[in-house]
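Look over the sequence and the model first.

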Amino acid sequence: MRAAPEFQVCLHRFGVWRGAVLVLAGLTMATTIAWLATSERPIETEVWVGSLLSMVAAVALTTSVVRTPPATLRWDGRAWHLGSTPGDLSPGELEIAIDLGRWMLLRFTPAASAGARVVWLPVQRKGMESQWHELRCSVHAPRIAADDDPTGGARG
């Protein structure tokens, strides 16, 4: 069985991800405000404070999730590598969490030696049309068993 060919892609467009996160945050805020505004019973101060704190937390979480820095993702034929620049790549495992055809959410788990944290990559077709098919083929390609690969590499 053959591995997918080597390639590298720069992930820098996250419009679909940002839009979805902002819509969900807006719906959360609107639902909370609508509930508070239409309640038939008087709302206690603790509930108001709790609701306000939850909305502030939602805004903070939205801000942290929406900020997705550009990244370089490379497949070398044996392992995935991720980094902020092409010269600063760490090896690891790549898994598909969600695949909607034109948009995927990928989970990159750094190798134990890299010591970094798991990175979630919202990847969209728009902005990388010429590399989209190659990326999808690579992330969906079956892993090579160690005994099938003379180099002993494993796909991640």
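## Terms and model

A cavity is a set of grid points where a 1.4 Å probe fits but cannot get out. Its volume is the space filled by probe spheres set on those points. The model discussed here is predicted.

How many cavities of 30 Å³ or more does the structure hold? There is one.

Two strands, β1 (7-11) and β6 (119-124), each give two or more residues to its lining. The largest share comes from β6, with three residues. Cys10, Leu11, His12, Arg13 and Phe14 are among the lining residues. So are Pro122, Val123 and Gln124, along with Lys126, Gly127 and Met128. By class, the lining of this cavity splits into six nonpolar, three polar and two charged residues.

The largest pocket has a volume of about 470 Å³. It is lined by 24 residues. Which of them are closest to the centre of the pocket? They are Pro69, Leu82, Arg117, Val119 and Leu121.

Four elements supply at least two lining residues each: α2 (45-66), β3 (80-83), β5 (103-110) and β6. Here β6 gives the most, with four residues. The pocket lining holds 16 nonpolar, five polar and three charged residues.

## Salt bridges

Side chains of opposite charge can pair when their charged atoms come close. The structure holds two salt bridges.

One joins Glu95 and Arg107, with the closest N and O atoms 3.6 Å apart. Glu95 sits in strand β4 (residues 89-99) and Arg107 in strand β5, so this pair ties together parts that are twelve residues apart in sequence.

Buried means under 20% relative accessible area. Asp99 has 27% relative accessibility, so it counts as partly exposed. Arg136 has 23%, so it also counts as partly exposed.

Conventions. Residues numbered from 1 in each chain as written. Predicted model: local features only at pLDDT ≥ 70, side-chain atom pairs only at ≥ 80, totals over all residues. Heavy atoms only, no water. 1 Å grid on protein atoms, 1.4 Å probe; cavity = no way out; pocket = protein on both sides within 12 Å on 5 of 7 lines; lining within 4 Å. Nonpolar A, V, L, I, M, F, W, Y, C, P; charged D, E, K, R; others polar. Salt bridge = Lys/Arg side-chain N within 4 Å of Asp/Glu carboxyl O. Buried < 20%, exposed > 50% of the residue type's maximum accessible area, 1.4 Å probe, protein only.
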